[in-house]
Amino acid sequence: MIKQSQNASKAVAGFVVELMDASNKFHILHLKVTGPGSYAAHKALNELYDALPGHADTIAEGYQGVTGTLLDYPENIKAPALKSVKEAITYIDDLHDAVSNLQEMISYSEIINDLDAIKSTLNSAKYKLKFLS
């Protein structure tokens, strides 16, 4: 087994917590979105907030399984409040960048692949929010 750095483990734990909080922030925006294109945005945000907790769980369980250690989950990680679809798209880009950065820190191909699945979810949501709403 390859020993993963403490920095990588800390980053994974923080990202898992952020994904869980991000799900709540996208859910809140989903409930508030109005105006032209709001139904499409409402549906796209619904798909996104439904998917993120499962992705967070997959990353946490997979990483803990492959490293044989429990992560130390921080309590001070918070996703930003989202007031518009434009802010949601910007945050999706930020999350995508965070996933890419995390992939560079991790040496386990299965976790890197799980992170790619998150990127696919983010890409789909961004497409729907940008072009269908």
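Tutor: Let's start with Asp21, which is buried at a relative accessible area of 17% (buried means under 20%, exposed over 50%, partly exposed in between, using a 1.4 Å probe and protein chains only). Keep in mind that this is a predicted model, where local features need pLDDT of at least 70 and side-chain atom pairs count only at pLDDT 80 or more, while totals for chains, interfaces and linings use all residues. Residues are numbered from 1 along each chain as its sequence is written, and side-chain values use heavy atoms, with hydrogens and water left out.

Asp21 sits in helix α1 (helices are DSSP runs of H or I with at least four residues, numbered from the N terminus). Leaving aside residues up to four places away in sequence, Asp21 touches Ile77, Lys78 and Ala79, where contact means heavy atoms within 4.5 Å. A polar atom of the Asp21 side chain lies 2.6 Å from the backbone nitrogen of Ala79.

Now for the helix as a whole: α1 (residues 6-32) packs with α3 (residues 85-105) at an angle of about 160°, their axes 11 Å apart. That makes α1 roughly antiparallel to α3 (angles over 145 degrees count that way, on a scale from 0 to 180 degrees between N-to-C directions, with axes fitted to C-alpha atoms over the stretch in contact). By class, their contact has 16 nonpolar, one polar and one charged residues.

Key:
Helices (H or I, at least four residues) and strands (E, at least two) are DSSP runs, numbered from the N terminus. Angles under 35 degrees count as roughly parallel, over 145 as roughly antiparallel, 65 to 115 as roughly perpendicular and the rest as oblique. Ala, Val, Leu, Ile, Met, Phe, Trp, Tyr, Cys and Pro count as nonpolar, Asp, Glu, Lys and Arg as charged, and the others, Gly among them, as polar. A polar contact is a pair of N or O atoms within 3.5 Å; within protein, one must be able to donate a hydrogen and the other to accept it, and residues adjacent in sequence count only if both atoms are side-chain atoms.
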